[in-house]
Amino acid sequence: MIEAVPLEHVVLLATILFGIGLYGVLSRRNAVAILMAVELMLNAVNINFIGFGMYLAPDPTVGQIIAIFVITVAAAEVALGLAIVLQIFRRKSNINVDELDLLRW
Amino acid sequence: MNIAAALFYVMGAIAIVSALGTVLARNIVYAALSLIAAMVMIAGIFFILHADFLALVQLLIYAGAVGVLLIFGLMLTNTDLPATAPKDRWQRPLAFAAAAGFILVAGYAVTEADWMHGVTPQLERVPPAELAGALFRNWAIPFEIASLVLLVALIGAVVISRREPSGD
C-alpha cells in the first residue's frame with residue numbers, strides 16, 4: 001500500500017519540518033510562538049520514529065511506543081511552559097523573550 | 001503511484017506550508033491555526049504510515065488539547081508586540097542560516113545514506129491490541145514513569161500558574 005513512498009522521503013519530510021521549527025525557535029520573540037515552534041520540532045521527530053519503526057525496526061511496535069512517550073512529554077512540556085509564560089506575563093506584562101534578561105547580570 | 005503514496009506527498013506538502021505559516025505569520029493567532037493544520041496533516045501521515053493509534057492520539061492530544069492550550073496561552077498573554085522592532089532584526093538572518101544549514105546537511109545525509117541495506121520492509125499494520133500488549137508488558141515501567149511525569153507536570157503547572165499566595 002505504501003511501498004511507493006521510500007523511507008528517504010519520510011525522513012526528508014521530518015528533516016524539513018524540524019528545520020522550519022528550528023528557524024521558528026531562533027527567530028520568534030513571542031514566548032508562546034517559541035513554544036509552538038518547539039511543538040513542530042517534536043512532531044517532526046515523531047514522524048522519524050514512526051517511519052524508522054515501520055520500515056526498519058524488527059519489532060514495529062517500538063517506534064510507535066517511543067512516539068507515545070514523546071507525545072506524553074510534549075504535553076507536559078507545553079503545560080509547564082505555558083504556566084511559566086503566564087507567570088512571566090503577570091510579573092512583567094510582556095512575553096518578549098528579548099526583554100527577559102533578569103539572569104543576565 | 002497509488003493513492004496512499006499520492007496522499008503522503010500531498011499531505012507532506014500541506015504540512016510544510018502550514019509549518020512555514022506557523023513560523024512566519026505576523027499574526028500570532030494565524031500562526032497557532034497553521035500549527036493545528038500542520039498537526040492534522042501529520043496525523044494523516046501517521047495514518048498512511050500504518051500507525052493508526054498514533055494518528056488518533058495525534059489528533060486528540062496535539063490538534064485538540066495542545067492546540068486549545070496554546071490558543072488559551074495566546075489569549076491570556078495578549079500583548080501587542082511591535083510588528084517589527086528594528087533593533088533585533090539581526091536574529092532573522094542568523095536563524096535562517098542555521099535552519100537552512102541544518103536542512104541542507106541533514107537532507108544530504110538522509111538522501112545519500114543506504115537506509116534499507118538490502119532489507120525489504122514489512123510495512124504491516126500494527127493492530128492496536130499488539131501495541132497495547134507491548135506497552136503494558138515490555139514497556140510497563142517507562143509507562144508508569146510517564147504517568148508520574150504527567151502528574152508532576154499537572155501539579156507543577158497548577159502551582160506555578162496560580163496567583164500570588166496570600167497565606168504563606
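This is a predicted model: local features need pLDDT of at least 70, side-chain atom pairs count only at pLDDT 80 or more; totals for chains, interfaces and linings use all residues.
Student: How is the size of an interface often given?

Tutor: The size of an interface is often given as the accessible area lost when the parts come together. Here one may count residues instead: 75 residues of chain B are in contact with 65 residues of chain A. Helices H1 (3-24), H2 (28-48), H3 (52-76), H4 (91-112), H5 (128-137) and H6 (140-161) of chain B each supply at least two residues of the side that touches chain A. By class, that side of chain B has 58 nonpolar, 13 polar and four charged residues.

Student: How are H2(B) and H3(B) oriented to each other, roughly parallel or roughly antiparallel?

Tutor: Angles over 145 degrees count as roughly antiparallel. The axes of H2(B) and H3(B) cross at roughly 175° and come within 8 Å, and the two helices are therefore roughly antiparallel. Among the residues making the contact are Leu35(B) and Phe46(B) of H2(B), and Leu59(B) and Tyr62(B) of H3(B). This contact has 19 nonpolar, two polar and one charged residues.

Student: Into which domains is chain B divided?

Tutor: Chain B has domain 1 (1-78) and domain 2 (126-162), and their C-alpha centres lie 23 Å apart.

Student: Which residues of the largest nonpolar core touch the most other members?

Tutor: In this core of 66 residues, they are Leu17(A), Val32(A), Met36(A) and Leu40(A). H1, H2 and H3 of both chain A and chain B give two or more residues to the core, and H2(A) gives the most, with 15 residues. Beyond its neighbours within four places in sequence, Leu17(A) is in contact with residues including Leu40(A), Ala15(B) and Ile16(B).

Definitions and conventions: Residues are numbered from 1 along each chain as its sequence is written. Chains are lettered from A and ligands numbered from 1 in the order in which they are written. Two residues are in contact if their C-beta atoms, placed from the backbone, lie within 7 Å. Helices (H or I, at least four residues) and strands (E, at least two) are DSSP runs, numbered from the N terminus. Ala, Val, Leu, Ile, Met, Phe, Trp, Tyr, Cys and Pro count as nonpolar, Asp, Glu, Lys and Arg as charged, and the others, Gly among them, as polar. Axes are lines fitted to C-alpha atoms, for helices over the stretch in contact, and angles run from 0 to 180 degrees between N-to-C directions. Angles under 35 degrees count as roughly parallel, over 145 as roughly antiparallel, 65 to 115 as roughly perpendicular and the rest as oblique. Domain bounds come from an automatic or database domain assignment. A nonpolar core is a set of buried Ala, Val, Leu, Ile, Met, Phe, Trp, Tyr and Cys residues joined through C-beta atoms within 7 Å. A residue is buried if 20 or more other C-beta atoms lie within 10 Å of its own, exposed if 12 or fewer, and partly exposed in between; C-beta atoms are placed from the backbone.
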